[in-house]
Amino acid sequence: MSTRPRNTEIPKAYDPSQVEERLYRFWEEGGYFTPRIDLKRQPFTIIMPPPNVTGELHLGHALTAAIEDALARYHRMLGDPTLWLPGADHAGIATQMVVERALAREGLTRHALGREAFVERVWEWVHKYGDIIDNQHRRLGTSCDWTRKRFTLDPGPSRSVRTTFVNLYRKGLIYQGERIINWCPRCSTALSDLEVEHKTEGGKLYYIHYGYEDGGGYITVATTRPETLLGDTAVAVNPKDARYRGVVGRRVLLPVLGRPIPVIADDSVTTEFGTGALKVTPAHDPTDFDIGQRHGLSLINVMNPDGTMNQEAGPYAGYERYACRDAILEQLEREGLLEKVEPWEHAVGHCQRCDTVVEPMVSKQWFVKAGPLAERAIQAVVDGRIRIIPERFVRVYLNWMESIRDWCISRQLWWGHRIPVWYCDACAEVTVAVDDPSACSRCGSSRLRQDPDVLDTWFSSALWTHSTLGWPEDAEDLRYFYPTTVMETGYDILFFWVARMIMMGLENMGQVPFRVVYLHGLIRDEKGQKMSKTRGNVLDPLNAIQEYGTDALRFALSTGTAPGNDIRLGAGRLEAGRNFANKLWNAARFVLTSLEGASGLDGWYHRPPREHRHDRWILSRLNRLVALVRSQWNAYQLGEAQQAIHDFLWGEFCDWYLELAKVRLRAGDTDPLPVLAHVLERTLRLLHPFMPFITEEVWQSLVATLPREGDLPDSIMVAPYPEADSSALDDGAEAEMELVTGIIRAIRNTRAEFRVETGRTVDALVDAADFRLVLGEEAAAIQHLARVGALSLVDRAGERPADAVTVVVGKVAVTVPLGGVVDMAAERRRLEAELSDCQRNIQRLEARLRDGQFLEKAPADVVDRERQRHASLAERRGRIEELLRQMEG
């Protein structure tokens, strides 16, 4: 481990740009991110969700990094051998599209280059740009072990992909078949169901006559895709539909082509849709495909891979699919076969990558038989071997897994893991092997041709938890770090990735791939809207780091948020993060300045003084905080833990203890110094996993200032995470200080509400009752912090002074005479006028929030804003009424 020279000087203002790069280099060069295998200890392992090699850092990456880094740093401070393994995904479609666009600018295509040369170009691109996102992750302070970084196309993960494919094939769990798949005409590849994004769109429903072959009338079908009728092989009705008794078994003539097709009965037909008669196109619709399988219907594919019509389309061969639709509708209308057209809203599938409308199409593809794999993955969650946080996603997971369809894993791309299947052109033998064969195992011919397709990117990602650790080899890392501890990711890829990792981990390793699934939410703007470039509300995390600092961004992303909940992020939260960093910095400057040249600091680390009420109170509050934060870590409530640390540091330590300490220090009492040092140092360690840069910088300066106590390491990263000391808990001191701070707060609030000038003192009478001794000892603090001139402690309230305000704090009454300080008559009129305004605005808002049309038509964020305004006004009304009562005494 390298050591860092310690500097006790701390600049006036915190400048993240002067700190972050320097400290990250110190950590990385010091080897703090690389764990040592210790067979006596249980490791803590997170495998980073691999970002696309094409990618640049976005807020989703930043949120993932903030949460995972916090977990890694926390467990490192617990002394656990902690591996956070980074990586990158080759991102088949995305990367191929990026390189193809670059080629297009040169006037080239991948087909013009040829497969081998094109793949070489992609590798050149990856080597040139692939490290960008790694360096951006470093800017976020990610403490991952870069010495173990993996890429999905590295030799090790590539071998694990082939090994898995071969094993599943030999078990009959991978097969090649002609099935209905999602086809993207733009990307020219098959897509899994999860890669299709369904959007509700306004379309049309076309009612078309199919005349009976015998000339006795017609049956009317309704469809949103008339161009696919060219591939119809039947018309189906529900056998229970009374409208169609007697028509099953008859034949109708297919419009345009005149091909006779049967009318069949099938229970899957919905009687409420259209006319209840369904045109069946098995090659172009998933439901129709299933009907076709049950009834032995032929498959007629009428489209080319580029979305144009093929030779099966007859006179419309060569037409683009939507041009074909228009032409067919013209012909149907001309021939009197188009009965009517109705507007129709329906969900249309789009390619998640390029947004092109997807075409359901029958195609010969490779599939994983998902059912048997899903059964074990379901059981692992049901029996508790895998815990999903938040728990509400367990039902979501189970519902999807219980109805899982076979997974189409082949993609018609050139970039990716090529399918390890070879065809013999001499004898048609199919060879499936981990290593490239040199000759056919059946006939010995060398005329072998590898399957041209590559595997779905998610196939290699599904192996990520064990392929990165060395599987299928018997690697030391695999033996020690698998199963991993936590899989942290967004809830939007629970099925894309998490479910498939569970299936493949159990299949390949015989053990669950991780024990906890932690799902975070999506990041939205301040109004709760999804961030998108078209809305212009996207926040660039690198710009946020530049303006606010990394710690402020991390704070804004994760403080006060719960697992699985979406996060609203805007300038306000980022400014709050920066303000908190500045608050901590300024508090540290005061402490360090106060410690300079001081004596009597022995014991600051293990047992600072506990004689004074203030010291007993802050040490008690600190240890309650430590216990609370530890319990929140155990419950994976990271956002709540961070919020609790913020509230303690900002409120109890900075706003109260520091100010109280200043009063004592000015009076010559130095006992607060070791307490200040102790509480600040412990709080820095509590906060470090969340805000690593500023805590390291302040901690280094602090421990360099103080006498060396304990076995302090060279970095806060590996300092032990605080443990609660129950002997420091002091209920009495907490109750007494709650009264003291309550009295100060009451006087301050009274000054603010009645607009007493800042520099002017006020007098105060306190009905001390049973607290005379405590309040007598705290009189100086009350007078200084509340700007009180004469403080009178009385056993019971006598005659109340004229023009005074009385506030009750617990069992104590505090009276502040304001006669001669403010014009009480004018203040009463002002408050009564403000109360009247509040009442009017509340009534107006209540009327609006009762208006059904407003609630139905107004955007959700507008309704929320009005509700918040109503709540704020109601709170203010209550406060004004209370002030008026206080003026009455």
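## Basis of the model

This is a predicted model, in which local features need pLDDT of at least 70 and side-chain atom pairs count only at pLDDT 80 or more, while totals for chains, interfaces and linings use all residues. Residues are numbered from 1 along each chain as its sequence is written, and side-chain values use heavy atoms, with hydrogens and water left out.

## Overall architecture

The protein has 28 helices and 29 strands; helices (H or I, at least four residues) and strands (E, at least two) are DSSP runs numbered from the N terminus. Its C-alpha trace spans about 110 × 65 × 55 Å along the principal axes.

Of the 889 residues, 54% count as buried. Buried means under 20% relative accessible area, exposed over 50%, and partly exposed in between, with a 1.4 Å probe and protein chains only. Among contacts (heavy atoms within 4.5 Å) between residues at least 6 apart in sequence, 77% join residues at least 24 apart.

## Nonpolar cores

A nonpolar core is a set of buried Ala, Val, Leu, Ile, Met, Phe, Trp, Tyr and Cys residues joined through side-chain atoms within 4.5 Å. In the largest core, of 145 residues, Phe653, Ile743 and Ile747 touch the most other members. Helix α20 (residues 638-666) contributes the largest share of this core, 13 residues. A second, separate core of 60 residues includes Trp366, Val421, Trp458 and Phe514.

Leaving aside residues up to four places away in sequence, isoleucine 747 touches Val762, Ala764, Ile782, Ala786, Val788, Val814 and Val816.

## Helix α18

Helix α18 covers residues 571-595, and its 25 residues should span 36 Å at 1.5 Å a residue. The expected span is 1.5 Å times one less than the number of residues. The end C-alpha atoms are 36 Å apart, which agrees.

Among the buried residues of α18 are Phe580, Trp585 and Leu592. The buried residues of this helix pack against α16 (541-548), α17 (550-558), α20, α21 (672-687) and α22 (692-705).

## Backbone exceptions

Most residues other than glycine have a negative phi, and most peptide bonds are trans. The bond from isoleucine 389 to proline 390 is cis, with omega near 0°; proline 390 lies in the loop between β15 (387-389) and α11 (392-402). Tryptophan 471 and proline 472 are also joined by a cis peptide bond, with omega about 15°.

Tyrosine 636, although not a glycine, has a positive phi of about 60°; tyrosine 636 is buried, with a relative accessible area of 10%. Arginine 787 has a positive phi of about 55° and is partly exposed, at 36% relative accessible area.
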